[in-house]
Amino acid sequence: MGDAEEEVGQTKGRRPGRRALLIGGAVAAVGTAALARDELSRLWWRLPGVERPRTPGAVDFRGAAWVAASSANYRRADRPDDYAIDRVVIHVTQGSYGSAVKAFEDPAHQAAAHYIVRKDGHITQMIRELDVAFHAGNREYNERSVGIEHEGFVERASSFTDAMYAASARLTAEICGRYGIPVDRKHVIGHVEVPGTDHTDPGRYWDWDRYMALVRRAHRTQV
């Protein structure tokens with residue numbers, strides 16, 4: 001038996017001393033306090049009188065139209081103060097613009113993205129960026145990302161129009177600039193790339209090279 005094993009053997013069965021209990025309790029208390037501080041830092045805005053003021057109909061992207069999603073399809077938050085935003089997730093609606101809006105307004109749908117980009121380039125915001133939208137199918141990614149839906153179908157190349165690419169690129173570029181998100185494929189991702197998802201969007205017809213070039217160009221003009 002080595003020295004360490006012997007020491008363990010000698011102490012086995014002994015009750016820990018009062019000092020050890022005090023130290024252990026202090027460590028546990030510190031750990032609990034740290035967890036509590038972390039939780040409070042994320043929930044402080046829910047306390048009476050400290051919630052961030054909200055202006056009805058306000059949008060984060062100038063030019064977007066506001067249509068409110070059901071409150072059942074997102075979680076109120078105070079991002080990026082409580083959750084850092086470091087991703088943009090690209091989605092495809094698998095349906096029309098109207099059907100996507102209707103779904104996001106439906107509390108039974110249990111999912112919604114922050115934005116919808118229509119084929120003609122019109123942008124609708126349904127959830128504020130400071131809130132956590134249920135769009136990625138992964139809680140961590142929901143908390144750290146902004147979700148953008150695009151009208152159309154993953155198996156129809158015609159869904160992705162010039163106007164859609166241009167408008168979406170400007171939106172993504174502004175989001176990246178606002179939160180200091182790198183403009184690259186590690187941080188601008190498709191829904192299919194979210195861990196644990198069973199979605200395939202934006203699909204094989206989404207032109208990532210073209211899209212990222214447009215995002216980078218738009219981002220440069222904003223800097």
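Predicted model: local features only at pLDDT ≥ 70, side-chain atom pairs only at ≥ 80, totals over all residues.
Colleague: Why is His191 called buried?

Modeller: Its relative accessible area is 3%. Buried means under 20%. The value of 3% falls under that cut-off, so His191 is buried.

Colleague: Where is His191 found in the chain?

Modeller: In the loop between β8 (188-190) and α6 (208-222).

Colleague: What makes the pair His191 and Thr197 a polar contact?

Modeller: The distance between their side chains is 3.4 Å. The cut-off for a pair of N or O atoms is within 3.5 Å. The pair meets that limit, so the term applies.

Colleague: Which residues is His191 in contact with, leaving aside its neighbours within four places in sequence?

Modeller: Among them are Val89, Ile90, His91, His135 and Ala136. Gly137, His199, Asp201 and Pro202 also belong to that list. Contact here means heavy atoms within 4.5 Å.

Colleague: How do you know that the buried residues of α3 line one face of the helix?

Modeller: Take the buried residues of α3 (residues 97-105). They are Tyr97, Ala100, Val101, Ala103 and Phe104. Seen down the axis of α3, they fall within an arc of 165°, so they line one face.

Colleague: What do those buried residues of α3 pack against?

Modeller: Three strands: β4 (115-117), β5 (123-125) and β7 (145-150).

Colleague: How much space lies in the largest pocket, and which residues are closest to its centre?

Modeller: The space is about 370 Å³. His91, Val92, Glu149, His191 and His199 are the closest to the centre, out of 25 lining residues. Helix α3 gives the largest share of the lining, with four residues.

Colleague: How does the lining of the largest pocket divide?

Modeller: Into 10 nonpolar, 13 polar and two charged residues.

Colleague: What about the second largest pocket: how many residues line it?

Modeller: It is lined by 14 residues. Nearest its centre lie Arg54, Trp66, Tyr74, Arg76 and Arg128. The pocket holds about 200 Å³ of space. Its lining divides into eight nonpolar, two polar and four charged residues. Arg counts as charged, while Trp and Tyr count as nonpolar.

Colleague: Why is Ala157 called partly exposed?

Modeller: Its relative accessibility is 43%. Buried is under 20% and exposed is over 50%. The value of 43% lies in between, so Ala157 is partly exposed. Ala157 sits in the loop between β7 and α5 (162-179). Ala157 and Asp207 are 50 residues apart in sequence, and their C-alpha atoms are 9.5 Å apart in space.

Colleague: What is noted about the phi of Gln94?

Modeller: Phi of Gln94 is near 55°. That is a positive value in a residue other than glycine. Gln94 is in the loop between β3 and α3. At 45% relative accessibility, Gln94 is partly exposed.

Colleague: And what is the phi of Gln110?

Modeller: Gln110 has a positive phi of about 65°, although it is not a glycine. Gln110 lies in the loop between α3 and β4. Its relative accessible area is 48%. The exposed class needs over 50%, so Gln110 is called partly exposed.

Colleague: Which peptide bonds are cis, and what is omega there?

Modeller: The bond from Arg79 to Pro80 is cis, with omega near 5°. Pro80 lies in the loop between β2 (74-75) and β3 (87-90). The bond joining Asp201 and Pro202 is also cis, with omega about 15°. Pro202 is in the loop between β8 and α6.

Note on methods. Residues numbered from 1 in each chain as written. Heavy atoms only, no water. Helix = DSSP H or I, 4+ residues; strand = E, 2+ residues; numbered from the N terminus. Buried < 20%, exposed > 50% of the residue type's maximum accessible area, 1.4 Å probe, protein only. Polar contact = N/O pair within 3.5 Å; in protein donor to acceptor, adjacent residues only side chain to side chain. Arc of directions from axis to C-beta. 1 Å grid on protein atoms, 1.4 Å probe; cavity = no way out; pocket = protein on both sides within 12 Å on 5 of 7 lines; lining within 4 Å. Points joined across faces, edges and corners; volume = space filled by probe spheres on them.
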